[in-house]
There are 2 protein chains.
Amino acid sequence: MLGVISFSVEASSGEARAGSLETAHGRVPTPAFMPVATQGSVKGLSADDVADTGARLVIMNTYHLALRPGSELIAGRGGLHEFCRWPHAIATDSGGFQAYSLAERTRLLEDGFEFASHLDGRRMLLTPEEAMRIQGELGSDIAMQLDVCPRAGAPEAELVAAVERTTRWAERCLAAKRRDQALFGIVQGGIRLELRASHIEALSKLPLDGLALGGFSVGEPVDEMHRALAVLGPALDRRRPRYLMGVGTPTDILTAIGAGIDLFDCVMPTRNARNGQAFTAAGRLVIKNAQYRSDPRPLEEACVCLACRAGYSRAYLRHLFVAGEILALRLLTLHNLTFYARLVAEARAAIVRGVFDRWSKDQLAQGI
Amino acid sequence: MLGVISFSVEASSGEARAGSLETAHGRVPTPAFMPVATQGSVKGLSADDVADTGARLVIMNTYHLALRPGSELIAGRGGLHEFCRWPHAIATDSGGFQAYSLAERTRLLEDGFEFASHLDGRRMLLTPEEAMRIQGELGSDIAMQLDVCPRAGAPEAELVAAVERTTRWAERCLAAKRRDQALFGIVQGGIRLELRASHIEALSKLPLDGLALGGFSVGEPVDEMHRALAVLGPALDRRRPRYLMGVGTPTDILTAIGAGIDLFDCVMPTRNARNGQAFTAAGRLVIKNAQYRSDPRPLEEACVCLACRAGYSRAYLRHLFVAGEILALRLLTLHNLTFYARLVAEARAAIVRGVFDRWSKDQLAQGI
């Protein structure tokens, strides 16, 4: 059973908001970070592992799941929640970003994207209607519209065309969606603030359940993104959840929360874990470094993740990583996702106390 | 804290025994199957995962851990139990089997084995004394003697030399071992039963805490091993735990329990899991097979492993395996080790009820 979401802002501190997103699969306190489960699994973690990190909303990928195992198969198994045994909320990306990240396999048409599958070359036409049909079969709580994400540094005309087409596709997605599934629109426009603003205005007129900023962290300088967020975050309709897609570092996330963003997703905590990097309040720790060879401490003293609370030492984690033991990947992933979940939970608490700016500056000064 | 083990037989049924092995790290009901944690981790599982399968005794590898991360480092971290956060019992293989499996890197001398490290070619002389020094630093509950494991089909003279040298090395290991660490001897002799019998006689005279059968499952026909076990199992001192090393399939294990064996280890449940094979009471299941594409059932209905009790379907497990998601490896490993733990626990219950032979025949008839 799905059901359209509801969202309320419970407290604010400057532009930062502490909210509550109610879904048919539970409440998600915001700001919230969504772990990425591209193929229906957060790499290395079982569903109970993911819940143990504190996450209550994950994001999965329409394009990847449509190709394998197929949305029809997943629908036959009761949808993603049942198939993946994840009882909490699920968002699904539309596949629009894969048209960007797999650009050499993609042709952009007014009707949609034509993909050559990265698995077997099979042709696939992903229209707004098809993206909604697939997401309807997947049964996510939150579907994302099909959008056009231009490459960084694209010329003005290309940015304008992408924005206009994305608006037309938002309307087509709204017309095609399941009534019981929430739909978010996606704002494009690169780092052209006036173009972004007009796109926000256009999408805000549509009965979308949330608004996302797409097309960031695609190669533009970080400072430019931060400056854009300061303007664009507050410009997004304050009654709807605001989602910054595919971003980012702890610094990016605190900056965006300060600009009023509610939702995030990023592969950074999971991908970096698999490369042996752990996030801590004092900065990043590269576990294979010789300095951890006989270090008896857990990754982080105060951490409640399974790796830290079970007492696995940096020395043991380093040994596992160097020896190629896959347990290292799971333990570092558990730690990093717990770190991200705690970061947004602490940000929320600071917002509720009305001290977000000061708290955030302290965190950033510690070199988070 | 270690402490020499104690062992008692609580019930028997034919030659099969239900026993209890008391260690400084808890009681191990026997028959018991030891998951293999070569490098200090059962591949893909955390310590709590391993305990969740039902295992209370694991086996780790002296040769691999001595090379990486080094026994001195592990001793500095409080020994294997503390380093690996495994609070239950640990046995360590001596490295003798690596002289067999890495034969091309090994030279056999009267004093011990000379290895060229498989990691960096570094020379390492593994004498009986060195094997005990390393295992003493590792701090396992049960150390294994250094032994000579001849290849299958070795000529009589080579088998005899291996047996005699293994006896001399057992004496040297006894003289060199930590007082608070249990030591098992290893019976060799290939499939020459009279040679095996005389080796059993020689080792039984030594104050070893247990006796193991080594050199099986090295290429000889399965039927020959089964015939040998029927003779050799009952010939092993009944007051000491009897351990069949590196064996085997569920059929092998039930056959060996019927011959009075108490302890087992084998990579089969963990390695096969990583190759996508699940053990069930109805036989083995190859998860990537198309027949499981949309199969809603768990691997096994009655199974209490994390994968089955969380309700992960064969369809989802197949998807994870085919998509290269490492979660598949963990879930199949959890299932297979739980299957093995349940197999020996049910065998024990049948022994206590005095019906082991009939129960075992029923299991084998079901095609286990």
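Begin by selecting B:Asp49 and A:Arg330, which form a salt bridge with the closest N and O atoms 3.0 Å apart; the term denotes a side-chain nitrogen of Lys or Arg within 4 Å of a carboxyl oxygen of Asp or Glu. The count between chain B and chain A is four salt bridges. The model is predicted, with pLDDT of at least 70 required for local features and 80 or more for side-chain atom pairs, while totals for chains, interfaces and linings use all residues. Residues are numbered from 1 along each chain as its sequence is written, and side-chain values use heavy atoms, without hydrogens or water.

Next, display the whole interface. Here 37 residues of chain B are in contact with 37 residues of chain A (heavy atoms within 4.5 Å). The buried area, about 3200 Å², comes to 55% from carbon and sulfur atoms; it is the accessible area (1.4 Å probe) lost on putting the two parts together, summed over both.

Two or more residues on the side touching chain A come from each of α1 (47-52), α4 (80-84), α13 (314-322) and α14 (327-352) of chain B. Of these, α13(B) gives the most, with five residues.

Finally, move to the open sheet of chain B, ordered β7-β8-β9 with antiparallel pairing (at least two DSSP bridges between paired strands). β7 (106-108) and β9 (123-126) of chain B stand at the edges with a single partner strand each, so one side of each lacks a neighbour in the sheet. Select B:Arg107 to find B:Glu114 of β8(B) opposite.

Conventions
Chains lettered and ligands numbered in written order. Helix = DSSP H or I, 4+ residues; strand = E, 2+ residues; numbered from the N terminus.
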